[in-house]
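Notebook open, structure loaded. I want to look up contacts, salt bridges, cores and disulfides, one after another.

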Amino acid sequence: QLHLVQSGGGLVQSGGSLRLSCAVSGFTLNRLVISWFRKAPGKEREGVSCIGNSDDITAYAGSVKGRFTVSRDLVENTVYLQMNSLKADDTAVYYCAANEELPPRYCPLTEFEFGAWGQGTQVTVSS
């Protein structure tokens, strides 16, 4: 059974960095597409980044491109979201999500594509 456990997050000053982790069990990462989403108070949940079932496929929302980097460790079966140059607008609960049935080279940022979710982790950026 596919299971995602998140770690990382916390409070950081504007301009700082944080790294989120999403440890996966039940499937090997090379069979999964993993996307990161975030939900800020009063806003819809939005897709942030995606890493596909091959290393060269990634996707980013325009609001984070150039600041966030998604990566994966196949040995640890973990996906990471490195967040640099954080802004107050990045404050949200962040979620990772997985899908084992997407075709190759497809990396969506739409939440309806994903059925397995991590528990969420709070990221707060103080201005």
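Predicted model: local features only at pLDDT ≥ 70, side-chain atom pairs only at ≥ 80, totals over all residues.

I started with Asn53 and listed what it touches, skipping residues up to four places away in sequence. The list is Asn30, Arg31, Leu32, Val33, Arg72, Leu102, Pro103, Pro104 and Arg105, where contact means heavy atoms within 4.5 Å. Asn53 sits in the loop between strand E5 (46-51) and strand E6 (58-60); helices (H or I, at least four residues) and strands (E, at least two) are DSSP runs, numbered from the N terminus. Asn53 has a relative accessible area of 18%, so I put it down as buried. The cut-offs are under 20% for buried, over 50% for exposed and partly exposed in between, with a 1.4 Å probe and protein chains only.

Residues are numbered from 1 along each chain as its sequence is written, and side-chain values use heavy atoms, with hydrogens and water left out.

Next I checked Leu74, in the loop between strand E7 (68-73) and strand E8 (78-83). Leu74 is partly exposed at 43% relative accessible area. Beyond its neighbours within four places in sequence, Leu74 is in contact with Leu29 and Asn30. I also looked at Thr28, which is 46 residues from Leu74 in sequence but 7.6 Å from it in space, C-alpha to C-alpha.

Then salt bridges, each a side-chain nitrogen of Lys or Arg within 4 Å of a carboxyl oxygen of Asp or Glu. I get four of them. Arg38 and Asp90 pair at 2.8 Å, N to O. That one links distant parts of the chain, with Arg38 in strand E4 (residues 33-39) and Asp90 in the loop between E8 and strand E9 (92-99), 52 residues apart. Arg67 also bridges to Asp90, with the closest N and O atoms 2.7 Å apart. Arg67 is in the loop between E6 and E7 and Asp90 in the loop between E8 and E9, so this pair ties together parts 23 residues apart in sequence.

On to the cores, meaning sets of buried Ala, Val, Leu, Ile, Met, Phe, Trp, Tyr and Cys residues joined through side-chain atoms within 4.5 Å. The largest has 30 residues, and Ile34, Trp36, Leu81, Met83 and Tyr94 touch the most other members. Apart from this core I found another, of nine residues, including Val33, Phe37, Leu102 and Cys107.

How many disulfides does a search of the whole structure find? It finds two, taking a pair of cysteine sulfur atoms within 2.5 Å as a disulfide. Cys22 and Cys96 have their sulfurs 2.1 Å apart, and the link is right-handed, with 75 degrees about the S-S bond. Cys50 and Cys107 come in at 2.0 Å. Their S-S torsion is about -105 degrees, so this disulfide is left-handed. Cys50 is in strand E5 and Cys107 in the loop between E9 and E10, so the pair ties together parts 57 residues apart in sequence. Cys50 is buried at 0% relative accessibility, and Cys107 is buried at 15%. With the bonded cysteines numbered in sequence order, I wrote the pairing as 1-3, 2-4.
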